[in-house]
Structure formats: structure tokens, C-alpha cells
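Work through these exercises with the structure open beside you. Try each task before reading its solution.

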Amino acid sequence: MKIFTSLNTKKTVLMKMNDIIFERFPSVSTKQWKQKIQYELKGSDYQNTLVINSNDGIPQLPFYSKSDLKHRSVAQLPEKTNACMHIIVTNEVEANTKAIDSIQAGFTCVFFSVFNSKVNIDALLKDITIPIYIEPHFLNINFFKKIHSKYNHTTILYDPIGKITQTGNWYRNFNYDFDQLNNILGYSPLSLSINQSLFHNAGATPVQQLAYSLAQLKQYNQQNSLKKCNSITFHVATGIDFFMEIAKLKALRVLTENYVKSQNIVMDCVIIQHKSYRNIQLFDMDLNYEISSIEQQIGQYGGVNFITTYPENYIHFKEDIDIFNLNNKQLIQKLKSNKYSINDSFFVEKLTQQLIDKTLLLLDSIEQGGGYTNQLRKGIIQKKIKEKESIEQKLFNKQFTVKTPTIKNTPIQYPFLKTKEQHTFWQPINKKRLTGPQEKSIWDKLY
């Protein structure tokens, strides 16, 4: 009782002190702030000097107040963000060993990318008791049945719309793929996913990323797929525009939760954040390490469920392995700390509202144009992304110059996307690194 009495006494004293402080120092109005800023600018233009406009036309102001907010955006954030080991499966036993080692190191989730339907599931999942996500790059219903008959802590992420978006081809055709999807959801009620990270890596703006993801969600609902799920999983990646990217993650939750609620569907929104391919620097792994740290902080503040590690296929030189391992250790340590919250930030709240408003306008335009796959088939979405990507690339080239490395490292793999002549139904959306155009000529000279 004495402890509680003491705490209440201290709280009362602090409240009285605050009253005294605010009486002595009255609040400053928005008009007064602007007048002070104009004075300090000494004649420089306020709009051109301090207001930053995004590629979506959203201004970021030097300060925000309560009057800037129409309302607060409410989203169900997870209790904590978990560290997830991303493993590309080329050998079942080796992949399982990596997974077990990662669990011992502190990871609380494993994400497998699987490219062969004949993979030995028992060898791959042996002794793994933490949550598992499997992303298969093929369609085989027996593969799904086998996993869910024995491993109920495993979630298979299946996304036929994402398949044709990224490759330009269905697994077979529209009707067959959706029939298989609905059959699979009968065995795996947690297996529907949407790949928003592809749009980010292709150079789409935050509004485009949100609108194209929500348009896919609506199309899944039209095919009755959502009604068989109790969660939807989004793959995301972020840039380094700190507050805008946090707002993007929050807007994704708000838009998703509002949409499923409007459809009388009860389901969770799970967000898995992956390392951004677009931000990768070929010749500066130290800078990659710093950028990864920013991305991880964005995910933590933005309330994602899982942050995956640096994938192995993003490593291009043997000398970078130590930085790769350091980044994975950093992720574990970062997520051991207390959960961060941005719920009281006027800045993030305003950006979230603006992203939502612009996303809904673009989403309405997509629906009027026949929906997501119809606009993808016509090449409209590809064209719109290319327009924004070109603007970002030109601006980046003006501000950043890739330097030729002084040390010639040992390459592991060719770092540029190879174009293959192959028949596709529609034009695929390809990921692009910002530094890639400058690095290609340097690579050709060195190697």
C-alpha cells in the first residue's frame, strides 16, 4: 500500500508541475510557428525550402499539429515483431540445418522459398517447432496436402495473381489456377498471400503499391477465395523515406481491415517484411548494412509481424558474407528490445491519411478499368509503374554516383537480371535496383 500511495503522490506532484509549466509557457499556434519559420528563412521560399513532395504528390511539411488531422487511423498492430530466417531451399538437409541453427541463434520463425515440388518435406521440416512459412514456386496440390496432414504449424503462401504479375504466365490458366487455389484453401486455411514487395522493387510509389495490392485482394474476394481464409499475408519491402514508409505499412493494415470488415469477413492481416532488392548496392556492403538497419526500424515502428533476414541470393561477393551474418545478428538483437509505437505521431498519422485517400482514388480507377488482372493484361499497370520508376531513377542518378571499388572482390554470381526470350501471356513486372544502371558499366570493366 505504501508503494502505491507514494506513486500516486509523485503523479499528483508531476501533474501540478505540468500545470505550472503550461501556465508559464502558453501554447504556440500554427500561425506563430509559420511566422517564426518565415523569419528564420530570411527571405527564402517556405514551400521550396522546407516542403518535400513525394512521387505521389504528398507533401511532407516541417511540422504538424492536431489541426492537420481529420481523424485517427486505427489498425490492429501485433504485440511484437518477430525475426524470421529466410532460406532458399536447394538441398533439404542443408536448409533444415540452417533452420535449426537459426532457431538456436534466436529466430522465432522460418521462411522457406521452395522451387521443386519433389522436395523431401520430412527432411526439410524435421525438428522445427516454431512457425514456418513456405513459399512454393510451383502448383502441386499433393505437395500442400502432404504438409498439412503432418505439419499444422506450417503456412503455405499461394498467390496465382502474383505469379502472373511477376512472370507474365499463369500456372496454367485463370480458371484452373483459381480452382486449384480454392481446393488448396480447403486443406490450408491460411495460405493466401499478396506480394506487395514486387511493386516496391519495380519502382512503384507507395500509393501504387497499396492500390495494386488492394485491387488483388478485391479480386480474390470476387473469386470467393477470401471466404475460405482466416488471414491474408502481405509480402512487403520498404524504401528509406522513414516516415512515409511507416505510414505505408500502417495504411496497408487500415485499408485491408476496413475492406474485409465491409465484406463481413473476419480475418487477420499478417505482414512479412523482406529485404528491399531496390535498395541493394553492389559495391558497398557497409552501406547495405546501414540501409538494412533503417528498413528494419521502419518495419518495427510500422508494426509488421515478421522481418526476414537478408536473402542469400542478394549476396554477390564472397567478401560480403561477414556483413551478411552481422546483419542477421543485428535483426535478432533489434527485435529483442521493447516494441516501438508511432500511434501518437501527428506526422505519421497525416501521411497515413493522405496515402489512404490517394490509394482509394487509384483503386476506384482500377475497378472502373475492369479490375487488376484486366489492367495488367492491357499493360496499363506496367506502364504506370514504369513512369514513376523512371522519375525516381533520374532523380537518384542526379543525387548519387556509384564509385568504382578500389579492391576487386571475388564474385559469387552475376548481379544483373538476365533477359530470356520466352513466351508470356502478359508483360511481367520486373524488379530493378536503383544503382544497377551505373554499376553495369563498372562491372563490365572489372569482370
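The model is predicted.

**Exercise 1. The second largest cavity**

Task: Sort the lining of the second largest cavity by residue class.

Solution. 
- Start with the counts. The lining has seven nonpolar, three polar and one charged residues.
- Now find them. Among the lining residues are Ile280, Leu282, Met285, Ile315 and Phe317. Gln281, Asn288, His316 and Asp320 also line this cavity, as do Tyr310 and Tyr314.

**Exercise 2. The largest cavity**

Task: State how many cavities of 30 Å³ or more the whole structure has. Then describe the largest cavity by its volume and its lining.

Solution. 
- Count. The search finds two cavities of 30 Å³ or more.
- Give the volume. The largest cavity has about 70 Å³.
- List the lining. Gln273, His274 and Lys275 take part, with Ser292, Glu295 and Gln296. Ile307, Thr308, Thr309, Tyr310 and Asn327 also line this cavity.
- Assign elements. Two elements give two or more residues each: α12 (285-302) and β10 (306-308). The largest share, three residues, comes from α12.
- Sort by class. This lining has two nonpolar, seven polar and two charged residues.

**Exercise 3. Two helices**

Task: How are helices α6 and α8 oriented to each other: roughly parallel or roughly antiparallel?

Solution. 
- Locate the helices. α6 covers residues 141-150, and α8 covers residues 174-187.
- Read the geometry. Their axes come within 9 Å and cross at roughly 10 degrees.
- Apply the cut-off. Angles under 35 degrees count as roughly parallel. So α6 and α8 are roughly parallel to each other.
- Look at the contact. From α6 come Ile141, Phe144, Lys145 and His148. From α8 come Gln180, Asn183, Ile184 and Tyr187.
- Sort the contact residues. Four are nonpolar, three polar and one charged.

**Exercise 4. Glutamine 216**

Task: Is glutamine 216 buried or exposed? Name the residues that glutamine 216 touches.

Solution. 
- Glutamine 216 lies in helix α10, residues 206-222.
- Check accessibility. Buried means under 20% relative accessible area. Glutamine 216 has 1% relative accessibility, so glutamine 216 counts as buried.
- List the neighbours, leaving out residues up to four places away in sequence. Glutamine 216 touches Asp159, Ile161, Gly162, Ile194, Phe199 and Tyr372.

Key: Residues numbered from 1 in each chain as written. Predicted model: local features only at pLDDT ≥ 70, side-chain atom pairs only at ≥ 80, totals over all residues. Heavy atoms only, no water. Axes fitted to C-alpha atoms, helices over the stretch in contact; angles between N-to-C directions. Helix = DSSP H or I, 4+ residues; strand = E, 2+ residues; numbered from the N terminus. Parallel < 35°, antiparallel > 145°, perpendicular 65-115°, else oblique. Contact = heavy atoms within 4.5 Å. Nonpolar A, V, L, I, M, F, W, Y, C, P; charged D, E, K, R; others polar. Buried < 20%, exposed > 50% of the residue type's maximum accessible area, 1.4 Å probe, protein only. 1 Å grid on protein atoms, 1.4 Å probe; cavity = no way out; pocket = protein on both sides within 12 Å on 5 of 7 lines; lining within 4 Å. Points joined across faces, edges and corners; volume = space filled by probe spheres on them.
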